[in-house]
Amino acid sequence: MSRGAKVAIGAVGAGVVLWWLTSFWIALLVLVGIPVGAYLLLDSSQRTRLRRVGRKELGR
């Protein structure tokens, strides 16, 4: 199983648990907010590298 698949399964599991414990909008805010916050914490060179790697993988 690839690393991306493991992350996706973990995110879905966290979403289901959060949705069950809280309202839908709070769960959605957490699931979207954490990756966006992590991306914003990267410096500009790391963001550029991340975008470049993402484009290469999409072109396969």
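Val 16 sits in helix α1, which covers residues 3-21. Keep in mind that this is a predicted model. Is Val 16 buried or exposed? Val 16 is exposed, because its relative accessible area is 51% and the cut-off for exposed is over 50%.

- Go 11 residues along the chain from Val 16 and you get to Ala 27; the C-alpha atoms of the two are 8.3 Å apart.
- Ala 27 also turns up in the contacts between helices, as one of the α2 residues that meet α1.

**How α1 and α2 pack**
- Two packed helices are described by the angle between their axes and the distance between the axes.
- For α1 and α2, the axes come within 8 Å and cross at roughly 150°.
- That angle is over 145 degrees, the cut-off for roughly antiparallel, so α1 and α2 are roughly antiparallel to each other.
- The crossing of α1 past α2 is right-handed.
- On the α1 side, the contacts come from Ala 11, Ala 14, Gly 15, Leu 18 and Trp 19.
- Their partners in α2 are Phe 24, Ala 27, Val 30 and Leu 31.

**The chain as a whole**
- You'll find 3 helices and 0 strands in the protein chain, giving an α-α-α pattern along the sequence.

- Across the protein chain, pLDDT averages 81, and 88% of the residues score at least 70.
- Among the elements, helix α2 (residues 24-41) has the highest mean pLDDT, at 84.
- Helix α3 (residues 44-58) has the lowest, at 79.

Conventions. Residues are numbered from 1 along each chain as its sequence is written. This is a predicted model: local features need pLDDT of at least 70, side-chain atom pairs count only at pLDDT 80 or more; totals for chains, interfaces and linings use all residues. Side-chain values use heavy atoms; hydrogens and water are left out. pLDDT is the predictor's confidence in each residue, from 0 to 100. Helices (H or I, at least four residues) and strands (E, at least two) are DSSP runs, numbered from the N terminus. Buried means under 20% relative accessible area, exposed over 50%, partly exposed in between (1.4 Å probe, protein chains only). Axes are lines fitted to C-alpha atoms, for helices over the stretch in contact, and angles run from 0 to 180 degrees between N-to-C directions. Angles under 35 degrees count as roughly parallel, over 145 as roughly antiparallel, 65 to 115 as roughly perpendicular and the rest as oblique. A crossing is left-handed if the near helix is turned anticlockwise from the far one by less than a right angle, and right-handed if clockwise. Contact means heavy atoms within 4.5 Å.
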